[in-house]
Amino acid sequence: MIAALIREQGGPEKIEVTEAENPRLKSGEALVSLRYASVNHVDIWVRSGAFRITLPRILGADGSGVIKEVPDEADVKPGVPVVLYPLLVDRTCRFCTSGREDQCENRALLGNQTDGTYAQLISVPTYNLIELNGIDPKVASAVPVTFMTAWHGLVSRAALKPGETALIWGAAGGLGNAAVQIAKLIGATVIATASNDQKAEAAFKAGADEVIIYTKEEVPSHVMTTTRGKGADVVFDSVGSATWQQTIKSISATGRIVLPGTTAGRETKVDLRDLYSRQLTVLGVYGGTKAELQSVLEHVRARKLTPLITREYDLEEAAQAHADMEAGRIIGKAVIRIPSRYSSKSPFFSCIG
Ligand SMILES: [Zn+2]
């Protein structure tokens, strides 16, 4: 099969699109012929060296495709289109058995601790297969990591309520865009941030009530004006060092900070008085449960939630996709098309499928 993999961590140029061995099926696993993958920041962290991983590693956490082989006892059959729940979980530990498989003691993320979706084939436990039931496979590939994480953060962890105000940083990114849509679905008032007019447009399209262009205007003072001095009930901050102080200045007393990652710096100063005297809650968020992903997909099926896909790349352009994402050139999500067949006779290889 053809796959996009890394043999060492570093810049986008470390991604090689090459022939790789077909995955070997373990007991209870299905073989999926992938059609689409999507690019997430976590793929970049894996590639660049933010995580220690074993090499070589096929990248990619998000993917959709068609079941090729499946154990006889499974309740799905070959030929069925599926999207993958991206976390591998043991389903037996104290977290899994108490409804928090997102924190499974033996958690692995596709494309991080195990080979991922930038490939023609992947083997995953049958538990990780979710039938598309009418969802476009390209759309589905752009859903899991971003929408599941945003849902886990806003719905399950922060319990955002109708009528509350949510401040969403980076609303033009895949995760921020998902967060804006979910916060609106809940019935919250959404204040989003973006770096320029074009990105602000994407945030408005996702349903934001107000968009602050943070390169032109101070975010905390805008939020305080909008909320009449009260502050946002929930702040969704996936940026990190660059935004933390402004998050603290923008949040209401007793507010909840949802922290699903750090795209711009992971260290910051914390004045602990802010946390105790104003009784703030910081909610760390990583991934989500399969049930949360299924809830999201129901809304995608009903067209209440729609990932914003603005860029498509062929598998052989995976390095370019990473470079564009790192440079902030991608609004919403980028998807990678996986060729269904290939010939290895051309100078490199040519896609037929
Ligand atoms: Zn577990």
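In this predicted model, helix α3 meets helix α9 through Pro144, Phe147, Met148, Trp151, His152 and Ser156 on the α3 side and through Glu292, Leu293, Ser295 and Val296 on the α9 side. By class, this contact of α3 with α9 brings together six nonpolar, three polar and one charged residues. The axes of α3 (residues 144-157) and α9 (residues 290-301) come within 9 Å and cross at roughly 105°, which makes α3 roughly perpendicular to α9.

**Helix α3 and its surroundings**

- Of the 14 residues of α3, 12 are buried, so the helix is largely enclosed by the rest of the structure.
- The buried residues of α3 are Pro144, Val145, Thr146, Phe147, Met148, Thr149, Ala150, Trp151, His152, Gly153, Leu154 and Arg157, and among them Pro144, Phe147, Met148, Trp151 and His152 also take part in the contact with α9.
- An α-helix has 3.6 residues a turn, so residues three or four places apart point the same way.
- After α3 comes Ala159, for which phi is positive and lies near 50°.

**The parallel sheet**

- Six strands, in the order β13-β12-β11-β14-β15-β16, form an open sheet in which the pairing is parallel.
- The edges of this sheet are taken by β13 (210-213) and β16 (281-284), each of which has a single partner strand, so one side of each is left without a neighbour in the sheet.
- On average, neighbouring strands of the sheet are turned by 20° against each other, with direction ignored.
- Helix α5 (residues 197-205) lies across both β12 and β13, and its direction runs at about 160° to that of β13.

- In helix α1 (residues 41-48), the buried residues are His41, Val42, Asp43, Val46 and Arg47.
- The cover over these buried residues of α1 includes the strands β1, β2 and β4, together with β8 (108-109), α3 and α10 (318-326), so that α3, itself largely enclosed by the rest of the structure, is one of the elements that cover α1.
- Just after α1, Gly49 adopts a positive phi of about 115°.

**Backbone geometry to inspect**

- Most residues other than glycine have a negative phi, and most peptide bonds are trans.
- The peptide bond that joins Leu55 and Pro56 is cis, with omega at about -5°, and Pro56 is placed in the loop between α1 and β4.
- Arg228, a residue other than glycine, has a positive phi near 55°; its place is in the loop between α6 (219-226) and β14 (232-236), and Arg228 counts as exposed because it has 7 C-beta neighbours inside 10 Å.
- Thr254 likewise has a positive phi in a residue other than glycine, with a value near 65°, although the place of Thr254 is in strand β15 (residues 251-259); with 11 C-beta neighbours inside 10 Å, Thr254 counts as exposed.

**The protein as a whole**

- The secondary structure comes to 10 helices and 20 strands.
- The radius of gyration is 20 Å, close to the 20 Å that the globule rule gives for 353 residues, so the protein is as compact as a globular protein of that length.
- Taken along the principal axes, the box filled by the C-alpha atoms is roughly 65 × 45 × 35 Å.
- Of the 353 residues, 48% count as buried.
- Among contacts between residues at least 6 apart in sequence, 68% join residues that are at least 24 apart.

Technical notes. Residues are numbered from 1 along each chain as its sequence is written. This is a predicted model: local features need pLDDT of at least 70, side-chain atom pairs count only at pLDDT 80 or more; totals for chains, interfaces and linings use all residues. Axes are lines fitted to C-alpha atoms, for helices over the stretch in contact, and angles run from 0 to 180 degrees between N-to-C directions. Helices (H or I, at least four residues) and strands (E, at least two) are DSSP runs, numbered from the N terminus. Angles under 35 degrees count as roughly parallel, over 145 as roughly antiparallel, 65 to 115 as roughly perpendicular and the rest as oblique. Two residues are in contact if their C-beta atoms, placed from the backbone, lie within 7 Å. Ala, Val, Leu, Ile, Met, Phe, Trp, Tyr, Cys and Pro count as nonpolar, Asp, Glu, Lys and Arg as charged, and the others, Gly among them, as polar. A residue is buried if 20 or more other C-beta atoms lie within 10 Å of its own, exposed if 12 or fewer, and partly exposed in between; C-beta atoms are placed from the backbone. Two strands pair if DSSP finds at least two bridges between them. The radius of gyration is taken over C-alpha atoms; the globule rule is 2.2 Å times the number of residues to the power 0.38.
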